[in-house]
Amino acid sequence: MKFFIDTANLSQIQEAQDLGVLDGVTTNPSLMAKEGITGKEAILKHYTDICTIVEGDVSAEVIATDYEGIVREGEELAALHPQIVVKVPMIKDGIKAIKYFTDKGIRTNCTLVFSAGQALLAAKAGATYVSPFIGRLDDISTDGLSLIEDIRLIYDNYNFETQILAASVRHTMHILECAKIGADVITAPLNAILGLLKHPLTDSGLAQFLADYNKGNK
């Protein structure tokens, strides 16, 4: 399973990269705004800055919601850097644009997916990634992980090449459950990824090893 970090914070991206397990980055307008990145030129530069830190795919989201606008913005984003994947919303004109991008050899990430039907359409249009938002489904008392299971089943039935990118991952258990189900990718905040490192028995075991070493080596 690939690990993407869901942030626009360069220091967090660098920390995840230094850990040695990072496969890519996802961003969105909200994450950009959180870092104070505003204005078209600043946003485009920030995407290229991210690409210099990581070796994998970097999802860059269009703002337009009409077909012509999505195509125009997507082509501009794709031209920024070979690592850029154009992030397109799950709407009618978005699906049309994904098909256009697929035919042009431009990779895409279909975002804001909340149903298996939407994921099926994205795969039919040739999306590189589909991003079901599991945390947001959990927020409204709907099991986000069951959506991952449904999409996995459908994609396996028909050998779709679209990768399932579990998004809106909130915590470490989301990551582990997605790994069990067979999500191709998870994108998560840094703290959720670092949570995989933690176990009290590791901490106590290491403390005991060091204490025993110090007893005989002073």
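Reader: Is the crossing of α8 and α9 left-handed or right-handed?

Author: α8 and α9 cross in a right-handed manner. A crossing is right-handed if the near helix is turned clockwise from the far one by less than a right angle, and left-handed if anticlockwise. Helices (H or I, at least four residues) and strands (E, at least two) are DSSP runs, numbered from the N terminus.

Reader: What kind of model is this, and how are residues numbered?

Author: This is a predicted model, in which local features need pLDDT of at least 70 and side-chain atom pairs count only at pLDDT 80 or more, while totals for chains, interfaces and linings use all residues. Residues are numbered from 1 along each chain as its sequence is written, and side-chain values use heavy atoms, with hydrogens and water left out.

Reader: Back to the pair: at what angle do α8 and α9 pack?

Author: Helix α8 (residues 144-158) and helix α9 (residues 172-181) pack at about 20°, and their axes are 10 Å apart. Therefore α8 is roughly parallel to α9. Axes are lines fitted to C-alpha atoms, for helices over the stretch in contact, and angles run from 0 to 180 degrees between N-to-C directions. Angles under 35 degrees count as roughly parallel, over 145 as roughly antiparallel, 65 to 115 as roughly perpendicular and the rest as oblique.

Reader: Which residues make the contact?

Author: On α8 they are Leu145, Ile148, Glu149 and Arg152, and on α9 His174, Glu177, Cys178 and Ile181. Contact means heavy atoms within 4.5 Å. By class, the contact has four nonpolar, one polar and three charged residues. Here Ala, Val, Leu, Ile, Met, Phe, Trp, Tyr, Cys and Pro count as nonpolar, Asp, Glu, Lys and Arg as charged, and the others, Gly among them, as polar.

Reader: Which residues of α9 are buried, and what covers them?

Author: Thr172, His174, Ile175, Cys178 and Ile181 are the buried residues of α9. Buried means under 20% relative accessible area, exposed over 50%, partly exposed in between (1.4 Å probe, protein chains only). Their cover includes β1 (2-6), α7 (134-139), α8, β7, β8 (185-188) and α10 (190-194). Just after α9, Gly182 takes a positive phi of about 110°.

Reader: How do α5 and α6 pack?

Author: Helix α5 (residues 92-104) and helix α6 (residues 116-125) pack at about 30°, with axes 8 Å apart. That makes α5 roughly parallel to α6, and α5 passes α6 in a right-handed crossing. Ile95, Ile98, Lys99 and Thr102 of α5 meet Leu121, Ala122 and Ala125 of α6. This contact has five nonpolar, one polar and one charged residues.

Reader: New topic. Where does Thr162 lie, and what does its side chain reach?

Author: Thr162 lies in the loop between α8 and β7, and counts as buried because its relative accessibility is 4%. Its side chain reaches the backbone oxygen of Ala127 at 2.6 Å.

Reader: And Gln163: which side chain does it make a polar contact with?

Author: The side chain of Gln163 makes one with the side chain of Lys2 (3.3 Å). A polar contact is a pair of N or O atoms within 3.5 Å; within protein, one must be able to donate a hydrogen and the other to accept it, and residues adjacent in sequence count only if both atoms are side-chain atoms. Gln163 is in strand β7 (residues 163-166).

Reader: Lastly, is Gly24 buried or exposed?

Author: Gly24 counts as buried, because its relative accessibility is 0%. Gly24 belongs to strand β2 (residues 24-26). Not counting residues up to four places away in sequence, Gly24 touches Phe3, Phe4, Ile5, Gly56 and Asp57.
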